Amino acid sequence: MADIVDIAVSAENFSTLVAAVQAADLVDTLKSPGPFTVFAPTDDAFAQLPPGTIHTLLQNIPQLSRILTFHVVPGKLMQADLQQREAVVSVEGSPIPIGKSEAFEIKNATVVAADIEADNGVIHVLDRVMLMG
Amino acid sequence: MVNGIFAIAGRPIYHHVYIRGECYEIIPKSKGFMWLYEAALPYVEAVFYRTSPFRGTKSYNAQAKQVPARQEDFHYGILYADVFPVGSAGIPPTLLMQDMLHFLPPYLVEYYQQYCRGEDDMLVQLGISFQRSMYCVTSAVIQALRQALLYPLDDPNPDHLLANRQFFESQLDRFKRPEARLRAIQNQEYR
């Protein structure tokens, strides 16, 4: 099996996320044993952000890191684990509420592909970039 | 406007001071403080939702009893801001209050005369009215937070629309609290 970063790099729709993780120097962390649960927004999700948002973040690495680590939770939490909880706490420190409806929803994002297992954790693919608050 | 708030949401907030060539990181860049979370939202909350004072251009001396000694007598009210120009044209809130007073229609002059110290603190009363009436700011915040944290207005999922509505109602409830109504805060007992 591959690690979280390898899976994201080999997939087609995570090029923005991979570029952001590289810019924020988080590659080594996400290649470490972890384990981590990563909520991975697709390229389309990043493209929904208003013009300029990504550009500003790429120029300000500590701020970019904060947004990215808000999408990471310590431990390997599968869909079944997550849906039993009301919220989980991100590596950034802010809580991430778990949706209660039938669809698998994380905060205001919907999971479009769940339980993609990696050597060092699991990836759930999101249709939106989440923001703290 | 909502897009604009987003585009600069991630701008860094930091404060570095150079003294004799040496850099002191008062608010370090590495903390990752962001415009939206560490500046914009707290500012709107403090100034427009809770009527905290605009800081004036002069300091107050506690030893000279220029601020109340008892904790319960102290409140974040614009009363402690320096609303009179001190040796200059004044800070922007002062200029704004002066402008508002200058163009105040007679019926409002009469209205403000009935509250607090009448004409003596009319600038303060105008400042409070202004802070509590910045609906251009508060409505932008409500729209931006909905966009950032909830769902699009044309979202087809009824659960998402319900969440949007609950958020909007909770925001409106804040404006309906007694302590948010102008007639309740235009008095000297306001804390």
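Which residues touch the most other members of the largest nonpolar core? In this predicted model, they are A:I4, A:A8, A:V38, A:A40, A:I123, A:L126 and A:M130, out of 41 residues in that core. Several elements of chain A supply at least two residues each: helix 1 (4-10), helix 2 (15-23), helix 6 (61-69), strand 1 (36-41), strand 2 (72-74), strand 6 (109-118) and strand 7 (121-126). Helix 2 (35-49) of chain B also supplies at least two, so the core draws on both chains. In soluble globular proteins, nonpolar side chains tend to be buried together.

A:V38 shows the packing at one position. Leaving aside residues up to four places away in sequence, A:V38 touches A:I4, A:H71, A:V72, A:G121 and A:I123. Of these, A:I4 and A:I123 are also listed with A:V38 among the residues that touch the most other core members. Another core lies apart from the largest one and has eight residues, including B:M97, B:L126, B:I128 and B:I185.

The contact between the chains can be described from both sides. Chain A contributes 17 residues and chain B contributes 18. On the side of chain B that touches chain A, helix 1 (2-7) and helix 6 (135-149) of chain B each supply at least two residues. Helix 1 of chain B gives the most, with three residues. By residue class, this side of chain B holds ten nonpolar, four polar and four charged residues.

Confidence scores complete the picture. For the model, ipTM is 0.82 and pTM is 0.80. The average pLDDT of chain B is 79, and 78% of the residues score at least 70.

Terms used:
Residues are numbered from 1 along each chain as its sequence is written. Chains are lettered from A and ligands numbered from 1 in the order in which they are written. This is a predicted model: local features need pLDDT of at least 70, side-chain atom pairs count only at pLDDT 80 or more; totals for chains, interfaces and linings use all residues. Two residues are in contact if their C-beta atoms, placed from the backbone, lie within 7 Å. Helices (H or I, at least four residues) and strands (E, at least two) are DSSP runs, numbered from the N terminus. Ala, Val, Leu, Ile, Met, Phe, Trp, Tyr, Cys and Pro count as nonpolar, Asp, Glu, Lys and Arg as charged, and the others, Gly among them, as polar. A nonpolar core is a set of buried Ala, Val, Leu, Ile, Met, Phe, Trp, Tyr and Cys residues joined through C-beta atoms within 7 Å. A residue is buried if 20 or more other C-beta atoms lie within 10 Å of its own, exposed if 12 or fewer, and partly exposed in between; C-beta atoms are placed from the backbone. pLDDT is the predictor's confidence in each residue, from 0 to 100.
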